[in-house]
Amino acid sequence: MQTAATNDLVVEEQSSETATIVLDLTWELHNWDSLMRKMFTVGLPPDPKEVAAIEARRNREKERQNRFFNVRTRVMGVDVEALNNQVEERKLQEATERSKEAAHGTNQVQYDLVVQMLEKEQAERTRRLAKKLQNFREQRQQLRNRSEFDFWDSDQLWREFPAYPGDRAPYYGPASLQYFSGEDLQRAACLRMQQEQFQYSLERQLQEQQQARVDENCADMLDDQLRLAMDTRAAQLAKLEESCRIAIMVATANANKAQAAELAEQQRREQQRQQEANLVEVQNQITSDLLTENPQVAQNPVAPHRVLPYCWKGMTPEQRATIRKVQETQRHEKEAQRQAEQALDAKWESQTVNLAQAAMELEEQERELCAEFRRGLGSFNQQLAKEQNAQQNYLNSIIYTNQPTAQYHLQFNTNSR
């Protein structure tokens, strides 16, 4: 076991040394690449496409920073201006709806007042009709004037007795009786009164029928007048509703016209501002150094040894000679760099071969260590198995002599406790 641990430590130290060597070589290669880039870019003007690409990347990075560093935009994740416009439109829509609801509420109040007036008129008309009917019943339909009054009159038996003829009747004594069974002294008067009562009942029925026809005609006339009034009022309310709707439409049209006029004015102002800006731009271009071909504008104010490509008109022979000289120098440097790279590649190849040999040696050592470890582990397992068997035999023969039977286990869980 100690030998295996020692071999593991040796392998780890060799692996760490190899990683350190690889990192050093990578750092040297990076420094050499940076040096070569600086050597090839000395004294040359920047490429316009590369400058434009760099500027575009900078602008995108600025926009990205603005989005990320703006807490409101990052948290909400929506267009705040569009939301504000939606809120304004919603408020305008709600104001328009409130105005419409107010107009409809006013109309509803008027309708309710008209309905209350009509209901009051109908109730008053019904009350007057019921009062007239009750007066007619009290005056013309009394109990004593009915034809069947004689059948259930409680005083009828008392009126059947004959009238007292007087105390001077010669045939009546002081103790004489004044009424005998079957005697009727007022028969003729009773018959006359019954005829008059029948004639009166007939006339009263005719009057009642005529009055009923008159009342029915009056009720029909009142009903017709009520329906006519309700139809007239409904037509008036319909005209009022139509006038309110027309007024709302006119107000909406006026508001739309005002908004359209305001939008047209804004567009006209924007077009005028755009035209003025275009005129200023044309004037600036006409009087600029680019069109006037001023040779001084090609000088870079920051780096005098450089020129501005968009204003540059050409190179002088001295500049061409300088460029050729620099190119010749760069060719020599490129050749030296190529030779250095070849030497570096040879060095890397030798280092790779050395690393491969070291890896093969380490693998061989690892295989030997693993084989030795497996042999030691097998012997240790055999010894451990013998000890466990001896321990188990000791327990079975000496310690655990009284083994539990099935009857012993059946005595548990025999009740609910």
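Q: Hi! Which side chain does Glu124 meet in a salt bridge?
A: In this predicted model, the side chain of Glu124 pairs with that of Arg128, at 3.8 Å from N to O.

Q: Nice. How far apart are Glu124 and Arg128 in the helix?
A: They sit 4 residues apart in helix α4, which covers residues 80-140, so about one helical turn separates them.

Q: Which residues are linked with Glu124 in a network of salt bridges?
A: Arg127 and Arg128 are linked with Glu124 in such a network.

Q: OK, how many salt bridges does a search of the whole structure find?
A: The search comes back with 12 salt bridges.

Q: Let's move to helix α6. What does Asp223 form a salt bridge with?
A: Its partner is Arg227, and the closest N and O atoms are 2.7 Å apart. Both residues belong to helix α6 (residues 187-286), and because they are 4 residues apart, the separation is about one helical turn.

Q: Which other residue forms a salt bridge with Arg227?
A: Asp224 does, with the closest N and O atoms 2.5 Å apart. Arg227 and Asp224 are 3 residues apart in helix α6, again about one turn of the helix.

Q: What about accessibility for Asp223, Asp224 and Arg227?
A: Asp223 has a relative accessible area of 35% and is partly exposed. Asp224 is partly exposed at 40%. Arg227, with 42% relative accessibility, is partly exposed as well.

Q: Staying with helices, where is Leu240 found?
A: Leu240 is found in helix α6. It is partly exposed, with a relative accessible area of 30%.

Q: And how far is the C-alpha atom of Leu240 from that of Asn107?
A: The two C-alpha atoms are separated by 8.1 Å, while the residues are 133 residues apart along the chain.

Q: What share of the contacts joins residues 24 or more positions apart?
A: Counting contacts with a separation of 6 or more, 56% are between residues 24 or more positions apart.

Q: Stepping back, how many helices and strands does the protein chain have?
A: There are 9 helices and 0 strands. Read along the sequence, the pattern is α-α-α-α-α-α-α-α-α.

Q: What percentage of the residues is buried?
A: Of the 417 residues in the protein chain, 8% are buried.

Q: And what does the accessible surface come to?
A: About 35900 Å² for the protein chain, with 55% of that belonging to carbon and sulfur atoms.

Q: Where does Leu377 lie, and how accessible is it?
A: Leu377 is part of helix α8, which spans residues 317-399. Its relative accessibility is 38%, so it counts as partly exposed.

Q: Last one: which residues form the positive surface patch?
A: That patch is made of Arg57, Arg58, Arg60 and Lys62. As for its location, Lys62 is placed in helix α2, residues 48-69.

Note on methods: Residues are numbered from 1 along each chain as its sequence is written. This is a predicted model: local features need pLDDT of at least 70, side-chain atom pairs count only at pLDDT 80 or more; totals for chains, interfaces and linings use all residues. Side-chain values use heavy atoms; hydrogens and water are left out. Patches are made of residues with over 30% relative accessible area and no salt bridge: like charges are joined within 9 Å, nonpolar side chains (Val, Leu, Ile, Met, Phe, Trp, Tyr) within 5 Å. Accessible areas come from the Shrake-Rupley method with a 1.4 Å probe; for residues, only the protein chains shown count as cover. A salt bridge is a side-chain nitrogen of Lys or Arg within 4 Å of a carboxyl oxygen of Asp or Glu. Lys and Arg count as positive and Asp and Glu as negative; His and the chain ends are not counted. The place of a charge is taken as NZ of Lys, CZ of Arg, CG of Asp or CD of Glu. Helices (H or I, at least four residues) and strands (E, at least two) are DSSP runs, numbered from the N terminus. Buried means under 20% relative accessible area, exposed over 50%, partly exposed in between (1.4 Å probe, protein chains only). Contact means heavy atoms within 4.5 Å.
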